[in-house]
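Here is a short briefing on one protein structure. Please look over the sequence and the model before reading on.

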Amino acid sequence: QVQLVESGGGLVQAGGSLRLSCAASGRTFSIYDMGWFRQAPGKERKFVASISWNSGSTYYADSVKDRFTISREKVKNTVYLQMNSLKPEDTAVYYCAARRSAIAQYAYWGQGTQVTVSS
């Protein structure tokens, strides 16, 4: 099992920045990659970004490309999401997730952290 705990959410004005953190514990050696997803009120959960645990390769949703940066610190088993130039439409609960292979579903999820961007 892998446990994930997010932190760093909050309220920020449009144009501002926030950094989310996701600390992994448990069987972290089994992680293939980790991702960030978000869910706005009344909408389905959507992919934001992911990073390969070993290679560091990153992927982004078009809506956040060039504004958000995902990174990882292997020594601390932590993944970060640096969010710049935030927009009101970025308001959502942000979830960290992990999976064991490129073809597996994201099986491990954090509890989520609220990000609210005011206009």
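Predicted model: local features only at pLDDT ≥ 70, side-chain atom pairs only at ≥ 80, totals over all residues.

E4 pairs with strand E5 and with strand E9. The structure holds 4 salt bridges.

**Strand E4 and its partners**

- E5 covers residues 46-52 and runs antiparallel to E4, with 6 bridges joining the two.
- Within that pairing, Trp-36 has Ala-49 of E5 as its bridge partner.
- E4 and E5 make a hairpin, with 6 residues between the strands.
- Gly-42 sits in the turn of this hairpin and has a positive phi of about 75 degrees.
- E9 covers residues 92-99 and also pairs with E4 in the antiparallel sense, here over 7 bridges.
- In this pairing, Gly-35 has Ala-97 of E9 as its bridge partner.

- Asp-33 and Arg-99 meet through their side chains in a salt bridge, at 2.9 Å from N to O.
- Asp-33 belongs to E4 and Arg-99 to E9, so this pair ties together parts that lie 66 residues apart in sequence.
- Asp-33 is buried, at 4% relative accessible area.
- Arg-99 has 16% relative accessibility and counts as buried because the cut-off is under 20%.

- Arg-38 is buried, with a relative accessible area of 14%.
- Asp-90 is buried as well, with a relative accessible area of 0%.
- Arg-67 joins Arg-38 and Asp-90 in a network of salt bridges.

**Salt bridge between Lys-65 and Asp-62**

- Lys-65 forms a salt bridge with Asp-62, and their closest N and O atoms are 3.1 Å apart.
- Lys-65 is partly exposed, at 39% relative accessible area.
- Asp-62 is exposed, at 66%.

**Background**

- Side chains of opposite charge can pair when their charged atoms come close.

Terms used:
Residues numbered from 1 in each chain as written. Heavy atoms only, no water. Pairing = 2+ DSSP bridges. Helix = DSSP H or I, 4+ residues; strand = E, 2+ residues; numbered from the N terminus. Buried < 20%, exposed > 50% of the residue type's maximum accessible area, 1.4 Å probe, protein only.
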